Amino acid sequence: MPTPATPAIVLLSGGLDSATVLALMRRDGFAVHALSFDYGQRHKEELRYAALLAQSMGAASHRVLRIDLAAFGGSALTDPQLSVPETGLAPGIPITYVPARNTVFLSLALALAEVLGARDIFLGVNSQDYSGYPDCRAEFVQAFEALAQVATRLGDEARGPRIHAPLQFLNKSEIIRLGSSLGVDYGMTRSCYQLDAEGRSCGRCDSCRLRREGFRQVGIADPTPYQDS
């Protein structure tokens, strides 16, 4: 078990999953250092909710790094010429997959871990993500942890950071039940790929559909405001 001063890093998007992970880390006594990314995403309004979560849930620090994945395109989340699907989930890797996003994010988290001396990095990937996104799969998380052991000074000292994905094998309803038991205010989270300037979710994209269905299965009203409500 960590001591109250044990530093750890969480990738915090402002969404339901990463908020739940932050709550788990707080429960377990970590000094949580939140890391968010302004990477050229069309739904960058999510960063406002990441800041609210970090503050309200007692993060020791919150950094927002600016990187330009939109320069590469290839995803409906970073290329305005591509439309976000609104017709429901489909098999295969969706157009909302951002090429190598989690590899980039974890690499930067690894750099922060070196500076802070943190031996634990957390992210909120889960079973309803990894079926479609290759960088949300358990194999990816394990492979990146192996990389962390050989690519860092901490690893050279046999203290390489561990990569934790505590929601890996949970679906949305199970995550919502867990977070609710930990006191997460899901009204402060947003999951939509097409947030408007008022923070309202579209209710039509894959992420909204998964979120809405998760709350429906749990029997709890989704506190997120939707454009179609």
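Is glutamate 45 buried, partly exposed or exposed? Glutamate 45 is partly exposed, with a relative accessible area of 23%, where buried means under 20% relative accessible area, exposed over 50%, and partly exposed in between, for a 1.4 Å probe and protein chains only. The model shown is predicted, so local features need pLDDT of at least 70 and side-chain atom pairs count only at pLDDT 80 or more, while totals for chains, interfaces and linings use all residues. Residues are numbered from 1 along each chain as its sequence is written, and side-chain values use heavy atoms, with hydrogens and water left out.

View 1. Side chains of opposite charge can pair when their charged atoms come close. A salt bridge here is a side-chain nitrogen of Lys or Arg within 4 Å of a carboxyl oxygen of Asp or Glu, and by this rule the count comes to eleven. Glutamate 45 meets arginine 48 in one of them, at 2.7 Å from N to O, and arginine 48 is partly exposed at 41% relative accessibility. Lysine 44 and aspartate 38 form another, at 3.2 Å from N to O; lysine 44 is partly exposed, with a relative accessible area of 40%, whereas aspartate 38 counts as buried at 16%.

**View 2. A salt bridge between distant parts of the chain.** The side chains of glutamate 86 and arginine 204 meet in a salt bridge of 3.1 Å, N to O. Glutamate 86 lies in the loop between β3 (61–66) and α3, and arginine 204 in the loop between α7 (172–181) and α8 (206–218), so that the pair links parts of the chain 118 residues apart, where helices (H or I, at least four residues) and strands (E, at least two) are DSSP runs numbered from the N terminus. Both partners are partly exposed, glutamate 86 with 31% relative accessible area and arginine 204 with 33%.

**View 3. The packing of helices α3 and α5.** The axes of α3 (residues 101–116) and α5 (residues 138–150) come within 11 Å and cross at roughly 35 degrees, the axes being lines fitted to C-alpha atoms over the stretch in contact, with angles running from 0 to 180 degrees between N-to-C directions. In this contact (heavy atoms within 4.5 Å), α3 contributes Asn102, Thr103, Leu106, Ser107 and Leu110, and α5 contributes Phe140, Phe144, Leu147 and Ala148.

**View 4. The largest nonpolar core.** A nonpolar core is a set of buried Ala, Val, Leu, Ile, Met, Phe, Trp, Tyr and Cys residues joined through side-chain atoms within 4.5 Å. The largest has 36 residues, and those with the most contacts inside it are Ile9, Leu11, Leu106 and Ile121. At least two residues of this core come from each of β1 (7–11), β2 (31–38), α3 and α5, and α3 gives the most, with six. Leaving aside neighbours within four places in sequence, isoleucine 121 is in contact with several residues, including Ile9, Leu106, Leu110 and Ile163.

**View 5. Alanine 100 in its loop.** Most residues other than glycine have a negative phi. Alanine 100, although not a glycine, has a positive phi of about 60 degrees. Alanine 100 is placed in the loop between β3 and α3 and is partly exposed, with a relative accessible area of 34%.
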